[in-house]
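Me: I have a model open and want to go through a few spots in it. Can you take my questions one at a time?

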Amino acid sequence: MSGNGTTAGDDPLQTAVWRLRSRACWADAAALLQPVTAQAALQRAALLVERCLYTEQGWEEAEDALRTAEALAHSDDERGAAACERGQLAYAATLHSVRDRADEARAALGRAAALIPPGVAGRALLDFRRGLLAENLARSPQAARAAYRRAHAGATAHADPLLLSFTWRHLAGLALREGELAEARHGFAESLRIREELGYLVGTAPALASLADTETEPEATRLREEAGRLFRLLGGVPTWLAAHLSPTPPATGAATA
């Protein structure tokens, strides 16, 4: 999902949707959108798919919203965007061990790639999500890096700062795994800077926690404590961050947001 509602001049509805989304209120944001057009149905489905990834809840609602979006999609762009969301939902279900839908995720993102041409805005998000599959399901960091770099270039070309915050973060995570501490610190810092500027509160705690993994004490503890404060403020979202904020955090940042 792109950074809808994050720029000046957006209409009041998109601004309200963005504010709710950024504060982990995906259901409330989705309730503002009437799925009577393909665009509205796709945005509503994307919100509910994102909620699944962050909360591990709401799977049936996301499936229902996605089916509606798929039914309303008529152009190649719309069908490609719906397939991209279908792939993301299947990825999230696999990642969180709800059900193994890895084959479905790959197939859906493959359909999206056939429908969304290179160079358009939606391709950058698709490339990013293909990187997620490569990193977290296929365990292929080399393929993931290539996909993230394509996504990073696309997000830059189409001025999508939210997606850039994700590509910076995930490229930094790969760098950290390879022991490239300075590169990882720079990427995590850029991701955090963008998310703070956008007011993307639900993504700020993971960014703080990841940056903490590249810092020395006492800065690492300060960053992790701030991440914990935001995590509790949002009611324990994203759910997977709890393990990262434990007294013995993992060696790399959480790999989903």
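**Aromatic cluster and other spots**

Reply: Ring pairs link Trp18, Phe128, Tyr148, Phe166 and Tyr200 into a cluster. Rings of Phe, Tyr and Trp (its six-membered ring) pair if their centres lie within 6.5 Å. This is a predicted model, in which local features need pLDDT of at least 70 and side-chain atom pairs count only at pLDDT 80 or more, while totals for chains, interfaces and linings use all residues. Residues are numbered from 1 along each chain as its sequence is written, and side-chain values use heavy atoms, with hydrogens and water left out.

Me: How many aromatic pairs does the count come to?

Reply: The count by this rule is 5 aromatic pairs. Trp18 and Tyr200 form one that is stacked, at 5.7 Å centre to centre and 20° between the planes. Planes under 30 degrees apart count as stacked, over 60 as edge-to-face and the rest as tilted.

Me: Which parts does that pair tie together?

Reply: Trp18 lies in helix α1 (residues 12-22) and Tyr200 in the loop between α10 (181-198) and α11 (201-212), so the pair joins parts 182 residues apart in sequence. Helices here are DSSP runs of H or I, at least four residues, numbered from the N terminus.

Me: Trp18 and Tyr200, buried or exposed?

Reply: Both Trp18 and Tyr200 are buried. Buried means under 20% relative accessible area, exposed over 50%, and partly exposed in between (1.4 Å probe, protein chains only).

Me: New topic. Why does Arg145 count as buried?

Reply: Because its relative accessibility is 16%, Arg145 counts as buried. Arg145 sits in helix α8 (residues 141-157). Apart from neighbours within four places in sequence, Arg145 is in contact (heavy atoms within 4.5 Å) with Leu171, Leu174 and Glu178.

Me: And Cys25, where is that?

Reply: Cys25 is in the loop between α1 and α2 (26-31). Cys25 is partly exposed, with a relative accessible area of 27%. C-alpha to C-alpha, Cys25 and Arg51 are 8.4 Å apart in space, and they are 26 residues apart in sequence.

Me: Last one: at what angle do α5 and α6 pack?

Reply: Helix α5 (residues 76-95) and helix α6 (residues 102-115) pack at about 160°, with their axes 7 Å apart. Axes are lines fitted to C-alpha atoms over the stretch in contact, and angles run from 0 to 180 degrees between N-to-C directions. So α5 and α6 are roughly antiparallel to each other; the cut-offs are under 35 degrees for roughly parallel, over 145 for roughly antiparallel, 65 to 115 for roughly perpendicular, and oblique for the rest.

Methods: Helices (H or I, at least four residues) and strands (E, at least two) are DSSP runs, numbered from the N terminus.
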